Amino acid sequence: MIPYGHQLIEKEDIEAVIGVLTSDWLTTGPYIEKFEKSLCEYTGAHHAIAVNSATSALDIAVQALELPPGSEVISTAFTFAATNNALLYNGLKPVFADILEDTRNIDPQEIRRKITPSTRAIMVVDYAGHPCDLNEIREIADEHDLYLIEDAAHALGSTYNGKKIGTFSDITIFSFHPVKPITTGEGGAALTKNSDLADKMYLLRSHGVVKPGNHTIDTGQSWQYDMTHLGRNYRLTDIQAALGLSQMKKLDLFIRKRNELADQYQKELSEVPFIQLPQTRKGIIHGWHLYTLLVHDIDRNRFFAYMREKGIGVNVHYIPTYRFSYYLNHLPQKFMDYPVTEDVFSRIITLPLHPGMSKTDTNKVIDSVITYNQK
Ligand SMILES: Cc1ncc(COP(=O)(O)O)c(C=O)c1O
């Protein structure tokens, strides 16, 4: 099976990890700081807080805002469950806004429609690595004095109007899961330009404990410490940070490779009558974490089964969050409120795309799609 996403680990990545295994620091040591610095240099953010997953990064980001319980946060349902779960377990209420068909990103007009006196923040997702309408959404947030959190789990390395994703929102989070733009095995980070938010997130990463010295290495001055926030253990290991640092050096190469593969799909699938190709808007460098098609005039589920039979690891990203039992039981929302999300969900399919794919792999994917057309 050709998977829809896969890590690319090379000799230098392995050597970086081995180097840490034989050092004094296995966790929260010098490689965490180096990795965080490289994320800041790459994106232009002032602070990067590396944690053990993007789910943890979302949690500390939402916690750091200290919003009143029950506050509404306008969000998208066309995402992985983790995005909105972070709101629920912090006692906040996700209010879903519909998406745009072309990018599958949250629709700014729908955000405006959903604002109430209880709204305190907007949570956006750069779906598949295509940035949202960040200028317009930032304007809406500023107009209404709302925080903006960007779930950029898919979008490290993507560009919006000439600038890398990472500094458009009050807090931006990334994921380093194996299928993501770079990997640390599991891992994530929260980035911000705001020092107060950063200070809180550093504490929330590690038990809410304040120690003398810096955020990582104990300077050994005193046994004293205080606990000021209700933090958990969300620390990333130095082993993972060394892998992340090594992967960061290849991020632009990975993005270029993903763009080449996407270009090939766009060209060679353009004549297939039952598919709508994904679009990239002006001013965007797409990260192509996911390459998704919308099908029409065929049954998506039958097409899915056929592709899987052919050994193509197609997938569906995503089941809209409001459809999950947990959400239906705790936050009933009517499906019909989201006509675009529902339509896209019924027709979407993800084709394999990752930087380690060979010519044979892509040709097999393309041939399988075209053959279905001929059936
Ligand atoms: C949009 C989005 N947000 C958050 C996450 C959670 O990432 P992690 O697996 O690093 O916790 C994912 C994971 O797939 C995701 O796709």
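Predicted model: local features only at pLDDT ≥ 70, side-chain atom pairs only at ≥ 80, totals over all residues.
Local features require pLDDT of at least 70, side-chain atom pairs count only at pLDDT 80 or more, and totals for chains, interfaces and linings use all residues. Residues are numbered from 1 along each chain as its sequence is written.

The protein chain splits into domain 1 (11-248) and domain 2 (252-374); the bounds come from an automatic or database domain assignment. Their C-alpha centres are 26 Å apart. Contact links 29 residues of domain 1 with 27 residues of domain 2 (C-beta atoms, placed from the backbone, within 7 Å). On the domain 1 side, β3 (93-97) and β6 (159-160) each give two or more residues (strands are DSSP E runs of at least two residues, helices H or I runs of at least four, numbered from the N terminus). This side has 14 nonpolar, 10 polar and five charged residues (nonpolar: Ala, Val, Leu, Ile, Met, Phe, Trp, Tyr, Cys and Pro; charged: Asp, Glu, Lys and Arg; polar: the others, Gly among them).

The ligand is surrounded by 14 residues, of which S53, A54, T55, A153 and S175 are the closest (C-beta atom, placed from the backbone, within 6 Å of the ligand). Helices α3 (54-65) and α4 (82-88) each give two or more residues to this shell. Five of its residues are nonpolar, eight polar and one charged.

The largest nonpolar core holds 107 residues. Within this core, A61, I122, I173, A189 and A190 touch the most other members. Helix α3 gives the most, with seven residues. Domain 1 and domain 2 each supply at least three.

Conventions. Contact = placed C-beta atoms within 7 Å. Core = buried A, V, L, I, M, F, W, Y, C linked by C-beta atoms within 7 Å. Buried ≥ 20, exposed ≤ 12 C-beta atoms within 10 Å, placed from the backbone.
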